[in-house]
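Subject: Structure handover and notes

Dear colleague,

Here is the structure I promised to pass on, with the sequence alongside. My notes on what was found follow below it.

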Amino acid sequence: MTKKERAELVQLELEKLYPQVPIPLDHTDPYTLMVAVALSAQTTDKKVNQVTPDLFAVAGTPQRMAKLEVFEIKELIKEIGLANTKAKNLKRMAELLLERHNGVVPQTYEELEALPGVGHKTASVVMSQGFGFPAFPVDTHIHRLMTQWKLTSGKNVVETEKDAKNIWKEEVWNKLHLQIIFYGREYSPARGKGEKDFITKMMFKEKEK
């Protein structure tokens, strides 16, 4: 298969599997989405979704988050990895939103990435899932699978994002990146042996003969 054919296969099969794709992290607005994504670094979405209801009940806005002490935020997210750092980031993030943006989540990468705990991937998720701008946030599943499917060199997530945007049309980015994530979790987990990864098998079956 050519690279173009492999890309078309991925899009076709994922659309069959996941015609509707929910956003994995529970949230009610761009702010709670940004907080949830920031918390998800080195932590599963499932764990984040278990923790955020109590957090958002107390601090579901920048105004309320900024009023909490770091130790109070840490207590609410203590089951999450890197809780110390994330608690500090959440407080300072809220303070800067109030200082710079009147408590409103900005809609540019530059402004988002200037906030503590918000890297390019988090900003991309907020732009895509929070505001509907075309974006292709690359997580470990996407990076691993695109490398496996020989759709990127696999050097780093920056190159993978660039390659994904060159391969697929802009109008499918927001949905497709979620479809790949769901496929990775269900059919090709990082610690699995890939027995269920039928897309990779379809791509390279000729080599196996």
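A network of salt bridges links Lys91, Arg92, Glu95 and Glu99, where a salt bridge is a side-chain nitrogen of Lys or Arg within 4 Å of a carboxyl oxygen of Asp or Glu. Before going further, please note that this is a predicted model, in which local features need pLDDT of at least 70 and side-chain atom pairs count only at pLDDT 80 or more, while totals for chains, interfaces and linings use all residues. Residues are numbered from 1 along each chain as its sequence is written, and side-chain values use heavy atoms, with hydrogens and water left out.

Salt bridges

A search of the whole structure finds nine salt bridges. One of them joins the side chains of Arg185 and Asp45, at 2.4 Å from N to O, and it links distant parts of the chain, with Arg185 in helix α11 (residues 173-187) and Asp45 in helix α3, 140 residues apart. Helices here are DSSP runs (H or I, at least four residues), as are strands (E, at least two), and they are numbered from the N terminus. Arg185 is partly exposed, with a relative accessible area of 36%, whereas Asp45 counts as buried at 14%; buried means under 20% relative accessible area, exposed over 50%, and partly exposed in between, using a 1.4 Å probe and protein chains only.

Another salt bridge is formed by the side chains of Glu161 and Lys165, at 3.0 Å from N to O. These two residues are separated by about one helical turn, because they lie four residues apart in helix α10 (residues 157-167). Glu161 is buried, at 11% relative accessible area, and Lys165 is partly exposed, at 26%. The side chains of Glu75 and Lys78 also meet in a salt bridge, at 2.7 Å from N to O, and Glu75 is partly exposed, with a relative accessible area of 48%.

Nonpolar cores

In soluble globular proteins, nonpolar side chains tend to be buried together. A nonpolar core is defined here as a set of buried Ala, Val, Leu, Ile, Met, Phe, Trp, Tyr and Cys residues joined through side-chain atoms within 4.5 Å. The largest such core has 35 residues, of which Tyr31, Met34, Val35, Met65, Ile77 and Met93 touch the most other members. The elements that give two or more residues to this core are α2 (30-39), α3 (45-59), α4 (62-67), α6 (83-101) and α8 (120-130), and the largest share, eight residues, comes from α2. A second, separate core of 26 residues includes Phe136, Met146, Trp149 and Phe204.

Helix α2 is itself mostly covered, with nine of its 10 residues buried. Its buried residues pack against α3, α4, α6, α7 (109-113) and α8, contact meaning heavy atoms within 4.5 Å. Leaving aside its neighbours within four places in sequence, Met93 is in contact with Tyr31, Met34, Val35, Ala38, Leu115, Pro116 and Val118.

Pockets

Grid points are joined across faces, edges and corners, and a volume is the space filled by probe spheres set on the points.

About 620 Å³ of space lies in the largest pocket. Of the 25 residues that line the largest pocket, Thr43, Asp45, Lys121, Asp139 and Arg185 are the closest to its centre, and Asp45 and Arg185 are the two residues whose side chains meet in the salt bridge described above. Helix α11 gives the most to this lining, with four residues, and by class the lining has 12 nonpolar, eight polar and five charged residues. For these classes, Ala, Val, Leu, Ile, Met, Phe, Trp, Tyr, Cys and Pro count as nonpolar, Asp, Glu, Lys and Arg as charged, and the others, Gly among them, as polar.

The second largest pocket has a volume of about 200 Å³, and of the 15 residues that line it, Ala38, Ala41, Lys86, Gly117 and Thr122 are the closest to its centre. Helix α6 gives the most to the lining of this second pocket, with four residues.

Best wishes

Note on methods. On a 1 Å grid over the protein atoms alone, a cavity is a set of points where a 1.4 Å probe fits but cannot get out, and a pocket is an open set with protein on both sides within 12 Å along at least five of seven lines; lining residues have an atom within 4 Å of a point.
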